[in-house]
Amino acid sequence: MQSEKLFNEMLEGLTTAVLWLDSNERIQFMNVAAGEIFQVSPNRMIGESWQNVLPGLVDNLADSIDKKLTIHEYTLNVQGLEKIRVSAIITPYELCGQQGWLFEIYNTERHHRIVEEDERWHQYEAGNLLIKTLAHEVKNPLAGIYGATQLLQKRFGPEDKESSFLEVIAKEVLRLKNLVNRMLGPEQNSEKAEHNVHELIRYVLQIVEGEKPENVYIKLDYDPSIPDIYMDFEAMVQALLNLIQNGIQAMKDTGGFLTIKTRVEHKFTLGAKTYPLVASISIKDEGEGIPASVFDSIFYPMVTSKKEGTGLGLPVAQNVLRQHDGLIVAESEPGDTVFTVYLPLNQKENDA
């Protein structure tokens, strides 16, 4: 009896989800980890069919009565939660003299996310290096053109026809100079201080209030427990402004809700480093979504699906987050596009 209690406690303490089914394919045991991953009470599932929690995992469980099965890349849909990817090992297992099956379920979502984020990280680094090289090459000739234009302007009076042409040249050079500065991103020596993330969002929403169409509504879902975050406030304003403006523009014809949600994530990996706590800011719009043809390249400079877009908003925003040891992750399908900003908490300048 003592050993049985010990084994039960060990099973309940596992982080791997474990189920045991009897010969009738009914759940007779489910540990706490399984209850957490399926978001159900283990006791309530006793006697229920395994298909209730893992529909379509295998076509015919009876076919595996004499062999072990391993299933990868199964997507688990849990009501009220995001979809998660799992792997499952099904083993014929006799318990108390009764033949059945042992299910071991592993949550692989974290592993997939780390791999995907690492790919995005390298994508960003490659694109950022390219755009900065090009921007530096363009900046010097622009300075020369602007200087020569100013010298020529001194030779002509306001009434001269040539003066108006030189004014156009000067304005266009300044416009290109500003564009190049956006490509280079924020200054590296910018000062950081602790700021409230919700005050940051409030400030950005104030900026876009005048350009927001009447058929677009803002919905806020805040976690008030998020502490102040060490950041360059002006740079983060620019990053969030780009994301929120994109969301609003995506719904200018159809309308809908722009939902901004803040949360705290625990033991979250960004790049090659795992942080104890990370703040997330998700910006969700109900627009038509990002075309699949450009989705994998949206953080590259000059890539855009908008006719009037420069393709610099997302790379600049990603550059800002990179300088804060953070990251922007995107998901998109028609009617549901989400950009999530991740920022490490309690990161001081000397911690970097």
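What you see is a predicted model, where local features need pLDDT of at least 70, side-chain atom pairs count only at pLDDT 80 or more, and totals for chains, interfaces and linings use all residues. Residues are numbered from 1 along each chain as its sequence is written, and side-chain values use heavy atoms, with hydrogens and water left out.

I start with the whole chain. The protein chain has eight helices and twelve strands. Helices (H or I, at least four residues) and strands (E, at least two) are DSSP runs, numbered from the N terminus. Of its 352 residues, 41% count as buried. Buried means under 20% relative accessible area, exposed means over 50%, and partly exposed is in between, with a 1.4 Å probe and protein chains only. Now the contacts, meaning heavy atoms within 4.5 Å. Among contacts in the protein chain with a separation of 6 or more, 61% are between residues 24 or more positions apart.

Next, helix H5. H5 covers residues 197-208, twelve residues, and spans 17 Å from first C-alpha to last, close to the 16 Å expected at 1.5 Å a residue. The expected span is 1.5 Å times one less than the number of residues. Which residues of H5 are buried? They are Val197, His198, Leu200, Ile201, Val204, Leu205 and Val208. These residues are on the same side of H5, because they cover an arc of only 150 degrees around the axis. That arc is taken from the directions from the helix axis to the C-beta atoms. What covers the buried residues of H5? The cover includes strand E6 (193-195), strand E7 (216-221), strand E8 (229-231), helix H6 (233-250), strand E9 (256-270) and strand E10 (273-285). At the N-terminal end, Asn196 caps H5, with a side-chain oxygen 2.8 Å from the backbone nitrogen of His198.

That leads to the core. A nonpolar core here is a set of buried Ala, Val, Leu, Ile, Met, Phe, Trp, Tyr and Cys residues joined through side-chain atoms within 4.5 Å. In soluble globular proteins, nonpolar side chains tend to be buried together. The largest nonpolar core in this model has 39 residues, and Leu240 and Ile244 touch the most other members. At least two residues each come from H5, E8, H6, E9, E10, helix H8 (313-322), strand E11 (327-333) and strand E12 (336-344). H6 gives the largest share of this core, ten residues. Apart from neighbours within four places in sequence, Ile244 is in contact with Val204, Leu205, Val208, Leu258, Ile260 and Ile283. There is also a second, separate core of 25 residues, with Leu57, Leu61, Ala88 and Ile90 among them.

Now strand E12. Eight of the nine residues of E12 are buried, so E12 is largely enclosed by the rest of the structure. Strands pair if DSSP finds at least two bridges between them. E10 and E12 run antiparallel and are joined by eight bridges, with Ser282 opposite Thr340 in E12. E11 also pairs with E12 in the antiparallel sense, over seven bridges, and here Val329 stands opposite Thr340. E11 and E12 form a hairpin with two residues between them, and Gly335 in the turn has a positive phi of about 85 degrees.

Leu327 sits in E11. Is Leu327 buried or exposed? Leu327 counts as buried, because its relative accessibility is 2%. Leu327 and Leu343 are 16 residues apart in sequence, and their C-alpha atoms are 7.1 Å apart in space.

Helix H8 is mostly covered, with nine of its ten residues buried. Among the buried residues of H8 are Gly313, Pro315, Gln318 and Asn319. The loop between H8 and E11 holds Asp325, which has a positive phi of about 65 degrees although it is not a glycine. Asp325 counts as partly exposed, because its relative accessibility is 22%.

Two residues remain. Gln39, in the loop between helix H2 (32-38) and strand E3 (69-76), is not a glycine and has a positive phi of about 55 degrees. Ser163 lies in helix H4 (residues 161-184) and counts as buried at 16% relative accessibility. Not counting residues up to four places away in sequence, Ser163 touches Phe156, Gly157 and Pro158.

Definitions and conventions
A polar contact is a pair of N or O atoms within 3.5 Å; within protein, one must be able to donate a hydrogen and the other to accept it, and residues adjacent in sequence count only if both atoms are side-chain atoms.
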